[in-house]
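Here's a quick briefing for anyone opening this structure for the first time. Have a look around, then read on.

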Amino acid sequence: MNKLAYVFLGAICLCACKFNSSNKTLPIYGNREAVTKMVNGQVVNDTIYATIPPFKFVNQFGDSTGSQNLAGKIYVADFFFTSCPSICPIMQRNMLAVYNAFKDTADVKIVSFTIDPKYDTPPVLKNYAEKLGVTGNSWWFLQGNRDTVYRIAEKNYLVAASKDSTAAGGYVHQGWFVLVDKQKRVRGSYDGTDPKQVAQLIDDIKTLKTGPAAGK
Amino acid sequence: MKIIVIFSIGALLAALIISCESSDTLEFDRYYSEGSVIYQTHCQNCHGGHGEGLNGLIPPLSDSVFLAKNSDQLPCTIYFGLKGKITVGKRDFEGQMPAASGLANIEIAQALTYITNSFGNKMGIFNVEMVNGDLVKCR
């Protein structure tokens, strides 16, 4: 009888084991296109995925920063402005968890684009970063041309952002944290105001780092 | 017979005293629980679920000394917002707190009762009469 109980207990323990997500793959977002091309004289079908186009902005240190600095890196993007009274504080509080998890990891970055570039100049962004407790080069706050920022937000990162004088603070934007892989493809979108989804994001970054496509 | 009468009068008195006390705590509880909902809607985004603030950007609400010292300014701060430098818990904060001018006086009182009795604070009820009085004197 006792033995049976042990076997039963063992079985329960085994069932409780969570099979790790080592071979879990993340979806690839955006439009895709099938192409047929010639490789070594053979016809090959391939898929072209949507990628983030090149951009060049200025970070909180006044340095020119853009897609070339993010080449070969996994990064999380979000859209905010420093004087934002609504969802930004909670987003940045949650983003701090991502920052703290990966600040010493060279190939993981965070990029916060300001949607109010008129007010959020590099000195304002630097002051903001310091007060948030962000040091070093792992989290960039970027100021760019307003229309360009709005365009890549909507077309490429799939986040809505626009000026709206009726909204609190003068701008409306969505609180998504967008995960981009080393091949510049969008791999996930997480509600930055929800700590649970942000925890999922941290997990997914780890999956992406160790996943099958990490080396490519 | 006499004993029964005396006993029931005593019991009645005791019941009266207890119910008086509990109507006070009842009022506090009502303010506090309504206040927690208002806090979640209007304050928590910035000041955090535990009143912790956000590093150097947004001040915490856990500095009891600051709250007690500025107690009569708190309704004004909520109603009109705040701009400029303040020092909370030995740290300087500079920024802007938006006005919650859509709140009724009773809601400000409930939110303040919640804030001043959470996050390690224990200042008792902040009732609507106090808010009415303070709002008239806002600078």
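Predicted model: local features only at pLDDT ≥ 70, side-chain atom pairs only at ≥ 80, totals over all residues.

What follows is a short tour of the contact between the chains, a helix, the salt bridges and a surface patch.

Residues are numbered from 1 along each chain as its sequence is written, chains are lettered from A and ligands numbered from 1 in the order in which they are written, and side-chain values use heavy atoms, with hydrogens and water left out.

**Where chain A meets chain B**

- Eleven residues of chain A touch 14 residues of chain B, where contact means heavy atoms within 4.5 Å.
- About 980 Å² is buried between chain A and chain B, with 57% of it on carbon and sulfur atoms; buried area is the accessible area (1.4 Å probe) that two parts lose on being put together, summed over both.
- On the chain A side, A:Pro89, A:Arg93 and A:Lys131 lose the most area to chain B, together making up 58% of what that side buries.
- The rule turns up one salt bridge across this interface, a salt bridge being a side-chain nitrogen of Lys or Arg within 4 Å of a carboxyl oxygen of Asp or Glu.
- B:Glu52 and A:Arg93 join their side chains in a salt bridge, at 3.7 Å from N to O.
- Helices α2 (88–102) and α3 (122–132) of chain A each supply at least two residues of the side that touches chain B; helices (H or I, at least four residues) and strands (E, at least two) are DSSP runs, numbered from the N terminus.
- The largest share of that side of chain A, four residues, comes from α2(A).

**B:His47**

- B:His47 sits in helix α2 (residues 44–47) of chain B.
- B:His47 is buried, at 12% relative accessible area; buried means under 20%, exposed over 50%, and partly exposed in between (1.4 Å probe, protein chains only).
- Apart from neighbours within four places in sequence, B:His47 has contacts that include A:Arg93, B:Tyr39 and B:Glu52.

**Helix α4 of chain A**

- Helix α4 (residues 146–155) of chain A has A:Val149, A:Tyr150, A:Ile152 and A:Ala153 buried.
- Those buried residues pack against strands of chain A, among them β3 (56–58), β5 (74–80) and β6 (108–114).

**Salt bridges**

- Over all chains, a search of the whole structure finds nine salt bridges.
- A:Asp181 pairs with A:Arg187 in a salt bridge whose closest N and O atoms are 2.9 Å apart, and both residues are buried.
- A:Asp46 and A:Lys37 form another, with closest N and O atoms 3.3 Å apart; A:Asp46 is partly exposed at 32% relative accessibility, and A:Lys37 is partly exposed at 40%.
- In chain B, B:Asp92 bridges to B:Lys85 at 3.6 Å between the closest N and O atoms; B:Asp92 is partly exposed at 42%, while B:Lys85 counts as exposed at 55%.
- A:Asp107, A:Lys182 and A:Lys209 are linked in a network of salt bridges.

**A nonpolar patch on chain B**

- B:Val5, B:Ile9 and B:Leu13 make a nonpolar surface patch with about 260 Å² of accessible area together.
- Patches take residues with over 30% relative accessible area and no salt bridge, joining like charges within 9 Å and nonpolar side chains (Val, Leu, Ile, Met, Phe, Trp, Tyr) within 5 Å; accessible areas come from the Shrake-Rupley method with a 1.4 Å probe, and for residues only the protein chains shown count as cover.
- B:Ile9 belongs to helix α1 (residues 2–42) of chain B and is partly exposed, at 49% relative accessible area.
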